[in-house]
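Student: Could we go through this structure together, a piece at a time? I would like to start with a loop and then move on to other parts.

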Amino acid sequence: MRQLLPGTAASRGCALGQARVRLPHALDVEETRIAADAVESELERFHAAVETVRAEMRNLRDRLHGALAHEVGEFIDLHALLLDDPELLSGIDDLIRTGQYSVDYALRLQRNRLAAVFESMDDAYLRSRIDDIDQVIGRLHAALHSRQAVLQGVSGEILVTDNVAPAELAQLQSQGVVGVVTAGGSPLSHSAILARSLHLPLVVGNPHLLQKANDGDVLVIDGSSGLVVLEPDASDLRAHHARVKESRRERRQLNRLRREPSRTRDDIDIKLWANAETRDDVSEAHALGAAGVGLYRTEFLFLGSNVLPDEEAQFRAYRDAVLAMTGRTVTIRTLDLGADKADKTGLALRDEPNPSLGLRGVRLSLARPELLRTQMRAIARASGYGPVRALVPMVAGAEEMLAMHAALAAAVQELRSEGREVAAHIPLGAMIEVPSAALALPGFIADCDFLSIGTNDLVQYLLAADRTNESLGELYSPLHPAIVRVLHDVVRTCQRRGKPVTVCGEIAADPVFVPLLLALGLTELSLHPATLLDVRQTIRSQTHARLRAALPALLRARNRAGIQRWLDRHGRDCN
Ligand code: PEP
Ligand code: MG
């Protein structure tokens, strides 16, 4: 039966396809008891599911070849051992037999019991073993409901899941998956950023679909409005086809702006840089006339593989980006692993109690000097092929910038002594995304060649609102007087000291916020190519002097509603 299930738009584009449901590992099952005469059949269902999963494991093991077979095989063996663990199995049997719980609820209870034991362990490695229990329980649950537990897509499918990791997205798209709907997540998570980069429609914050959809159900999703239709009727299909046609028409119109300048009506040029994660982003940035790459997120090189990229692999990726930009500057950000950008290599710690406040970004680089040296060498080598800047994420103050200058200088010196070509100067900039860096900026701006404001994290840290937590809603929003004030102060400090400053958070990619950024005096923005032409169109409709004159009113706004009113009044096109 047709159902409308709204979520939050995260990556635009419409998709029509069949649902592939992946249930969460931590089972969200309500307490359900069964009748005494149903106990035996419930036990049989459970044992049949165990057999299915055992067979799946054997099958997986037999299909493994190549270099990773040994490592991956160990995981599979561990999961197979857990499946034979009497503690796990007889515990579930007992819960069904004596507690008369449904097998789903018994799985949940047993999972939580074991999780409590693991969580109380002092040893971080043992504590992290709960992930394995979750995976085994997730497989059993999937087998009970005849669903595939592993993330695997088929062309024409829309994945419906609790959450999706950045590393999974690229794999899904290459399998032909046409869209993703998640129960949790946020439009500002790294998965959402990557989905936009891959042009993969994504709707987040839609818990109802996960409960209602079954494999094979037909879905229509709209990544621009967040709307999802389960079992669409004829009018939904017509509306979907019309939207696809309309967005093609809009694209064609926008494409006319490819060669036009990003210039306001009163002739102020705004430099539009591109954010890039992949080689395709870089090519797109070049084709759309981006001024350069303002943010090359290097962590995406680390996310997809179990092995760390060595100097040569990193160098080749950076050099290719530099060559593809044909003389326009490429800003390569040093590794920003951690928090929601967890990798498969185990480099970023998995069990930090507060990952967003943990060892991420520059902190991880400085804690792993060999890793930093490798990356600095790769960046410096790429500078031999065209203009390169290096950008440091998660800077909290002066000390980190000094340490990063030293690391870059050491890499440059080494390379020169090896006879390699390195640019005469590689500008080193700081991301302003940690509140302490924004406040302390006057004290260390002399150590920065340029600045880039990361509003995604700045909003998170300034408002104490997790950027990945959909349930926080409006609490995570750049429409806050504190954000406006900090942006204003940082831009003013940079202008007074003659340092170039860019905004590279998602706020710069949203045409709605562009008038606010121009009013604050920003003349450089960095955004994903997917919305570069939309932002250029907005810039071309604005009068810079009029927005600057409205700055005092913006700074006087006392709350979100006040900033929204300012945007409604001053943000409209002047056409
Ligand atoms: C930011 O925090 O605004 C930013 C651009 O960096 P990332 O989204 O990669 O954390
Ligand atoms: Mg950031």
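Student: Where is Gly216 found?
Tutor: This is a predicted model. In it, Gly216 lies in the loop between helix H9 (207-212) and strand E7 (218-222).

Student: What does Gly216 touch, apart from residues up to four places away in sequence?
Tutor: Gly216 touches Gln18 and Ala19.

Student: And how far apart are Gly216 and Ile158?
Tutor: They are 58 residues apart in sequence, and their C-alpha atoms are 9.5 Å apart in space.

Student: New topic: at what angle do the axes of H18 and H19 cross?
Tutor: The axes of helix H18 (residues 455-462) and helix H19 (residues 481-496) cross at roughly 125° and come within 10 Å.

Student: What is the handedness of the crossing of H18 and H19?
Tutor: The crossing of H18 and H19 is right-handed.

Student: Which residues make that contact?
Tutor: H18 contributes Thr455, Leu458, Val459 and Leu462, while H19 contributes Ala482, Ile483, Val486 and Leu487. Seven of the residues in this contact are nonpolar, one is polar and none is charged.

Student: What is in the loop between H18 and H19?
Tutor: One of the residues there is Ala464. Ala464 has a positive phi of about 50°, although it is not a glycine. Most residues other than glycine have a negative phi.

Student: Is Ala464 buried or exposed?
Tutor: Ala464 is exposed, because its relative accessible area is 70% and the cut-off for exposed is over 50%.

Student: What about Gln100, and where is its place?
Tutor: Gln100 sits in the loop between helix H3 (86-97) and helix H4 (103-119). Gln100 is not a glycine either, yet its phi is positive, at about 55°. With a relative accessible area of 27%, Gln100 is partly exposed.

Definitions and conventions
Residues are numbered from 1 along each chain as its sequence is written. Chains are lettered from A and ligands numbered from 1 in the order in which they are written. This is a predicted model: local features need pLDDT of at least 70, side-chain atom pairs count only at pLDDT 80 or more; totals for chains, interfaces and linings use all residues. Side-chain values use heavy atoms; hydrogens and water are left out. Axes are lines fitted to C-alpha atoms, for helices over the stretch in contact, and angles run from 0 to 180 degrees between N-to-C directions. Helices (H or I, at least four residues) and strands (E, at least two) are DSSP runs, numbered from the N terminus. A crossing is left-handed if the near helix is turned anticlockwise from the far one by less than a right angle, and right-handed if clockwise. Contact means heavy atoms within 4.5 Å. Ala, Val, Leu, Ile, Met, Phe, Trp, Tyr, Cys and Pro count as nonpolar, Asp, Glu, Lys and Arg as charged, and the others, Gly among them, as polar. Buried means under 20% relative accessible area, exposed over 50%, partly exposed in between (1.4 Å probe, protein chains only).
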